[in-house]
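Here are my notes on the structure you sent over.

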Amino acid sequence: MEILIKSLIALVAVLHTYFLYLEMFAWTTRGPKVFKTIPADQFASTKTMAGNQGLYNGFLAAGLIWSLLIKNPDWQQNVSLFFLTCVAIAGIYGAITVSRRIFFIQATPALVAMILSLLYAGGR
């Protein structure tokens, strides 16, 4: 179970590393192909805003990666739950305000990792 939980945490970290790349470095090139609901002419004018979002996604990824490197199981769980909660809240907010797809892409993996982590901790 521990391997599954850490794999899910790593998956969420990889997703947010990709979001960082997409929003900070590929917004005007790859962004229009990924975000088809945004008119193509808006990518240049929103590049700075997207870069800011990408930076925040990078912080989330860094926190999740950090949590995987912590040796103490209690601290590892506390740190991972904090960052997974941040991801889940951002995903839920994005689903409400932008697109329901965000819930499934961003919030669901974080919520599954959180639930499994809490269940596993309860059995330790």
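1. Of the 124 residues in the protein, 36% count as buried. Bear in mind that this is a predicted model. The accessible surface comes to about 7,700 Å², and carbon and sulfur atoms own 69% of that.

2. Among contacts with a separation of 6 or more, 59% are between residues 24 or more positions apart.

3. Charges: there are 9 positive and 4 negative ones, and their mean positions sit 8 Å apart.

4. Helix H1 covers residues 2-25 and reaches 34 Å from its first C-alpha to its last, close to the 34 Å expected. Its buried residues are Ile5, Leu8, Ile9, Val12, Ala13, His16, Phe19, Leu22 and Glu23.

5. Now the rings: the structure holds eight aromatic pairs. One of them is Tyr18 with Tyr21, a tilted pair at 6.4 Å centre to centre and 35° between the planes. Both tyrosines lie in H1, three residues apart, about one turn of the helix. Residues three or four places apart in an α-helix point the same way, because there are 3.6 residues a turn. Tyr18 is partly exposed at 33% relative accessibility, and Tyr21 is partly exposed at 42%.

6. Trp27 and Phe35 make another tilted pair, with ring centres 5.3 Å apart and planes at 50°. Trp27 is buried at 5% relative accessibility, whereas Phe35 is partly exposed at 27%.

Note on methods:
Residues numbered from 1 in each chain as written. Predicted model: local features only at pLDDT ≥ 70, side-chain atom pairs only at ≥ 80, totals over all residues. Heavy atoms only, no water. Helix = DSSP H or I, 4+ residues; strand = E, 2+ residues; numbered from the N terminus. Expected span 1.5 Å × (residues − 1). Buried < 20%, exposed > 50% of the residue type's maximum accessible area, 1.4 Å probe, protein only. Contact = heavy atoms within 4.5 Å. Areas by Shrake-Rupley, 256 points an atom, 1.4 Å probe, with all protein chains shown as cover. Lys, Arg positive; Asp, Glu negative; His and termini not counted. Charge placed at Lys NZ, Arg CZ, Asp CG, Glu CD. Phe/Tyr/Trp six-rings, centres within 6.5 Å; stacked < 30°, edge-to-face > 60°.
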